[in-house]
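Reader: Hi! Could you walk me through the pockets and charge pairs in this one?

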Amino acid sequence: MLRTLPLALLLALLAGYPSERLEAARYSAEGMASYYASHHHGKRTASGEPVDRNTLTAAHRTLPLGSRVRVTSLSTRRSVVVRINDRGPHTRGRIIDLSYKAARQLEILHAGVALVRLELLDN
């Protein structure tokens, strides 16, 4: 009986712990975004698919691959929904790398980088 009591307490605590999916649904962040250079087009992403500059995709360090994220440029106030299909950015101080198409829709191509807000959407 005493041996199973700690296990029973642990299970009771875990039953009340919110799932990772619920926590992820509240994810939002602000930071600098950049976009993939054209020489990355066709290279493999972390998900195994090739980088396609003509799709609405992005790289993020920790969000699950396949997640959908609303990216809003804080300067242009334009937003776009992208799918996370790669890991990165690998440049310090940036929170997301966007495809060319996503950067074009946000109107951040000329600047190259922009302050953005990320919001994880329900998948």
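Predicted model: local features only at pLDDT ≥ 70, side-chain atom pairs only at ≥ 80, totals over all residues.

Reader: Good to know. How much space lies in the largest pocket?

Author: The largest pocket holds about 230 Å³ of space.

Reader: And which residues lie nearest its centre?

Author: Tyr 36, His 40, Asp 86, His 90 and Asp 97 lie nearest the centre of the largest pocket, out of a lining of 18 residues. Two elements, β1 (28-35) and β5 (94-98), each give two or more residues to that lining.

Reader: What does the lining of the largest pocket look like by class?

Author: Its lining has 6 nonpolar, 6 polar and 6 charged residues.

Reader: Which residues line the largest cavity?

Author: Tyr 36, Ala 37, Ser 38, His 40, His 41, Val 51, Arg 53 and Tyr 100 line the cavity. By class they divide into 4 nonpolar, 3 polar and 1 charged.

Reader: Thanks! On to charges: how many salt bridges does the structure hold?

Author: There are 3 salt bridges. In one of them, the side chains of Arg 117 and Glu 30 meet at 3.3 Å, N to O. That pair links distant parts of the chain, with Arg 117 in strand β6 (residues 113-120) and Glu 30 in strand β1, 87 residues apart.

Reader: Which side chain does Glu 49 meet in a salt bridge?

Author: Glu 49 meets Arg 83, at 3.0 Å from N to O. Glu 49 sits in the loop between β1 and β2 (57-59) and Arg 83 in strand β4 (residues 79-86), so the pair links distant parts of the chain, 34 residues apart. Arg 83 is partly exposed, with a relative accessible area of 32%, and Glu 49 is partly exposed at 26% relative accessibility.

Reader: And what does Arg 78 pair with?

Author: Arg 78 and Glu 107 meet through their side chains in a salt bridge of 3.7 Å, N to O. Arg 78 lies in the loop between β3 (68-73) and β4, while Glu 107 lies in the loop between α3 (100-106) and β6, so this pair ties together parts 29 residues apart in sequence. Arg 78 is partly exposed, with a relative accessible area of 38%.

Key
Residues numbered from 1 in each chain as written. Heavy atoms only, no water. 1 Å grid on protein atoms, 1.4 Å probe; cavity = no way out; pocket = protein on both sides within 12 Å on 5 of 7 lines; lining within 4 Å. Points joined across faces, edges and corners; volume = space filled by probe spheres on them. Helix = DSSP H or I, 4+ residues; strand = E, 2+ residues; numbered from the N terminus. Nonpolar A, V, L, I, M, F, W, Y, C, P; charged D, E, K, R; others polar. Salt bridge = Lys/Arg side-chain N within 4 Å of Asp/Glu carboxyl O. Buried < 20%, exposed > 50% of the residue type's maximum accessible area, 1.4 Å probe, protein only.
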